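Please consult the sequence and the structure shown below while reading.

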Amino acid sequence: SIDPNFAASRERTPVAETGLDVDADYDAWGPVEPPETLGVHGTHVAVDFDVCTGEGPCLENCPVDVFEWVETPGHPASEVKAVPVDEAQCIDCMLCVDVCPVDAIDVDGG
Ligand code: SF4
């Protein structure tokens with residue numbers, strides 16, 4: 001599951017510096033060493049890409065469409081990840097946290 005202390009214990013990396021093809025502006029949290037290690041993506045809505053298995057219940061259930069797919073070829077857990085491209089729209093319903101099969105998502109620090 002996601003490290004709940006990611007923002008305090010990991011190095012901040014702007015998503016533009018992660019090498020992923022993401023059209024959004026948010027912070028990721030290291031280590032980020034593609035393709036095998038991708039870190040935690042987002043801060044208010046944070047997805048641990050190294051835990052995410054790319055099954056998509058967060059995309060399907062989020063009422064305000066916070067997530068989009070990004071391809072992550074070569075990652076050992078899955079080759080697509082749910083990117084919190086629009087985390088500012090989150091209404092804290094916690095559905096994504098509840099439906100994630102691998103506890104890869106943390107909303108607002110818990
Ligand atoms: Fe979407 Fe709710 Fe998750 Fe926020 S907490 S990203 S609104 S599903």
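A residue is called buried when its relative accessible area is under 20%, exposed when that area is over 50%, and partly exposed in between. The model discussed here is a predicted one. At 48% relative accessibility, Arg12 therefore counts as partly exposed.

Arg12 takes part in a salt bridge with Asp27, and the closest N and O atoms of the two are 2.8 Å apart. This pair links distant parts of the chain, since Arg12 belongs to strand β1 (residues 12-14) and Asp27 to strand β2 (residues 27-29), 15 residues apart. Asp27 is likewise partly exposed, because its relative accessibility is 22%.

In total, the structure holds 2 salt bridges. Another salt bridge joins the side chains of Arg10 and Asp3, with 3.5 Å from N to O. Arg10 has a relative accessibility of 23% and so counts as partly exposed. Asp3, at 23%, is also partly exposed for this reason. In general, side chains of opposite charge can pair when their charged atoms come close.

| Salt bridge | N to O distance |
|---|---|
| Arg10 and Asp3 | 3.5 Å |
| Asp27 and Arg12 | 2.8 Å |

The ligand forms the second topic. The ligand sits in the second largest cavity. There are 13 residues around the ligand, and Cys62, Cys90, Cys93, Met94 and Cys96 come nearest. By class, the shell around the ligand comprises 12 nonpolar residues, 1 charged residue and no polar residues.

How values were computed. Residues are numbered from 1 along each chain as its sequence is written. This is a predicted model: local features need pLDDT of at least 70, side-chain atom pairs count only at pLDDT 80 or more; totals for chains, interfaces and linings use all residues. Side-chain values use heavy atoms; hydrogens and water are left out. A residue is near a molecule or strand if one of its heavy atoms lies within 4 Å of it. On a 1 Å grid over the protein atoms alone, a cavity is a set of points where a 1.4 Å probe fits but cannot get out, and a pocket is an open set with protein on both sides within 12 Å along at least five of seven lines; lining residues have an atom within 4 Å of a point. A molecule sits in a cavity or pocket if more than half of its atoms lie within 2 Å of its grid points. Ala, Val, Leu, Ile, Met, Phe, Trp, Tyr, Cys and Pro count as nonpolar, Asp, Glu, Lys and Arg as charged, and the others, Gly among them, as polar. A salt bridge is a side-chain nitrogen of Lys or Arg within 4 Å of a carboxyl oxygen of Asp or Glu. Buried means under 20% relative accessible area, exposed over 50%, partly exposed in between (1.4 Å probe, protein chains only). Helices (H or I, at least four residues) and strands (E, at least two) are DSSP runs, numbered from the N terminus.
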